[in-house]
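Dear colleague,

Please find below the structure that I am handing over to you. My notes on it follow.

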Amino acid sequence: MDQTQLNPHAQACLRGLMRVWFDFERRLNRIELIKRLETAAFSLEDYQSLLLHLRQQVIEGSRWITRCASSFTRDYADVRSIVIGHANDEHKDYELLEKDYVACGGSLSDIQRGERNPGSDALHGFLMYRASLENPIDLLGAMWMIEGLGDKMATSWAKQIDTALGRELNCTRFLRYHAENDHQHLQRFYQMLHRTCTDQLIADRIEKTAIVVGRLYCLQLEEIDEA
Amino acid sequence: MNAYITSTGRFLPGSPIDNEEIENILGKVHGKASRLKNKILASNGILTRHYALDSSHKTTHQNSEMAALAGQNCLDKRGIAKQKISMLSCATSQGDLILPGFGSLVQAEMQLQDLELHTTHGICSSSLMALKAAYNSVRTGEHAHSLVIASELCSRLFKASRYEALLNAKKPDFNAEFLRWMLSDGAGSCLVETKPHKQSLRIDWIKSFSHADAFPTCMSVGASSTGQTWQDYATYAEAESQGALLLRQDVRLLDNIVKIGVDGFLRLIADDYVQPQTIDYVLCHYSSDYFRGKIFEMLSQAGAAIPEHKWYTNLYTRGNTGCASIFIMLDEFLQTASIQAGQQIICMVPESGRFNTAYMKLTVVEP
C-alpha cells in the first residue's frame, strides 16, 4: 500500500480524519485527569483509576470488532478478513492491563469486578450498535481513533506516567504494547479506506463516527474523576 | 479593496557568526563550554546567524534601531518618502523597554510623523498579526501606505551572565538552554499599499488559529518552576536567581506544533482558502526537520502535501529570528527567486509559545 495512491474520496476522508484527531487531542488536553498527566502532576491513584476504568472498555473492545467483522456481507468478504485479523491481535490485551494494575498496587479482584462508567457504557453501546448494522464501513472512523489512541498511549502517556510514578514499577506495559506493529496497522487502515470509501456520503459517515467515538471517549475519561 | 506588499526590507546586525564562534559572543557559562550546543545545532541545522551583541556583551544596536534600519531599507527599495506612511505596525517579542510599546520607539527612531501606530506582542506569529492589522487598514481604505516591521534582539537573554545568575551556581537545565543555540537577532519589514508597484504581492488572506486553551505554555520568559511569575517575587534579582527570567522551551511539547500546523493547513483546505496543487512556493519559518515524519507521510497519503522542492527557507544562513524570520525570508526570497505573475505563495508561521499558527497567501502581480 506504500506505493498505492488513495482514491480522491479516501484522501478527502483522511484529511477529515486527521482534523478530527487533532481536535480530539485538544479535547483530551482539556480533561482534568489528562491535564494532570500532561503536567506531571499525575498520582498513583490517578493511574490506578485510569486503568480500572479503561479495562472495562478494553475488555469489550474485541466484542465490537468481532461483531463488526460478522456484519460484513459477502460483498465485503475481503474487508471482513482484515477486521478478523485485527480482532485477533487485540482480543486479550486487557490481560496486560490487569497485570499493570496489579504491578502498581491494585488488586486483581477489584479490577475484574469493576463496572463500565457512564462514558464507557455510552461508547460501548454506540460501537455495538454501529457494528450490528450491515456493512458497518463507518467503523473505520472508530478504528482510526482507537489506533491513534494506542499510538498516543505508547509514545506520550507511558513516558509521562513512568516519569511521574517511576519506571521501576514496570506498570505501563499495556500502554506501550500499542506501539508494536503500528506501521503495519496504518497500512492496513489505508488499504481498507481506499477499498471502502468510494463516495462523499461514506466519507462523511466515517468522519462522523470518528467524532462520536472521540466525544464518548472523552466522556469516559471525564467520568473517572466523577466516580 | 485589495492590499499589496510592494516592497520588503531587512537588517541583520554585524557579520554572520558561525557555529564555532557562537560561544565567543554569548560566552561560556561559568567558563565551561556547553555540552548541549552541538547536539541542538545539529538538530536545528542552522549554520550562521547574526547578533546585535559583541564579545564583551555590549549591545551594538538596540532592537528599535534594527527595526528602523529594516523599515528604512524597505522604503528605500520602494523609493517612497517616509512622509507618505500613515500607519506603522510593529512586532517583537521583547522591546528595548518594557513600556511604552515597541512601535513608539521605532516611530521615534525612524522619525515618522503623525501616523497611526500599532504594536503586537507575542512571539513568532506576532509579525503576521502586525501585518494583518496593516492589511486590514489598507483594504478598508483607511490607509494607503502602511509600513510593517518585525524585529528581535533575543541575544541579550543568552549572555552567559544570565545563566550564571542562577542561585548557588546551579547549572541551567536543557529547556533553558535549548533556545540559546536556536535564536538570533535581526529585523524584517514590508510595505502594504493599495496599488501594486512594479512586481508586487497581492495579499489574498491572513488567517491564524490559536490553541492556548488546550496546551500548556511551551516557550516563555517570566515563569519559574514553582508557578510564580517574575513579577510575583519581592525583587527582580530574586526572580533572576530562581531562573524566572530565562527563556525556556518545554521541548516535550514541541511535537504539538507540527500537529496544530498541519491541522490549520487542513482547515484552510477544507474551507477552500487554499488548494495544495496550486501553490508554487511555501515559506515556513521552522526547521524542515520538524516536517518530516509520520504526520507528513499521512499528509502525502491524504493528497495535501506540497513537494519539498517548493519549500524555501533561509533559516540555515540567517538564523531563526523569531517574529522577524518570515519577513527576512520573504525579502531574500524575492531577491533571489525568479517569480512570475500569477504564482501563489503560502507563508506559514507556527508559534510554539502557547500554540498559535498563522498563515498567509500571496499572489504575484504585475501592475
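This is a predicted model: local features need pLDDT of at least 70, side-chain atom pairs count only at pLDDT 80 or more; totals for chains, interfaces and linings use all residues.

**Notes on the model**

Residues are numbered from 1 along each chain as its sequence is written, and chains are lettered from A and ligands numbered from 1 in the order in which they are written.

Turning to the two chains, 14 residues of chain A are in contact with 18 residues of chain B (contact: C-beta atoms, placed from the backbone, within 7 Å). Helix 1 of chain A, residues 8–29, gives the most to the side of chain A that touches chain B, namely nine residues.

Helix 1 of chain A packs against helix 9 of chain B (residues 255–270) at an angle of about 135°, with the axes 10 Å apart. Axes are lines fitted to C-alpha atoms, for helices over the stretch in contact, and angles run from 0 to 180 degrees between N-to-C directions. The two helices are therefore oblique to each other (under 35 degrees is roughly parallel, over 145 roughly antiparallel, 65 to 115 roughly perpendicular and the rest oblique). Among the residues that meet there are R15(A) and F22(A) in helix 1 of chain A, and K259(B) and L266(B) in helix 9 of chain B.

Yours sincerely

Methods: Helices (H or I, at least four residues) and strands (E, at least two) are DSSP runs, numbered from the N terminus.
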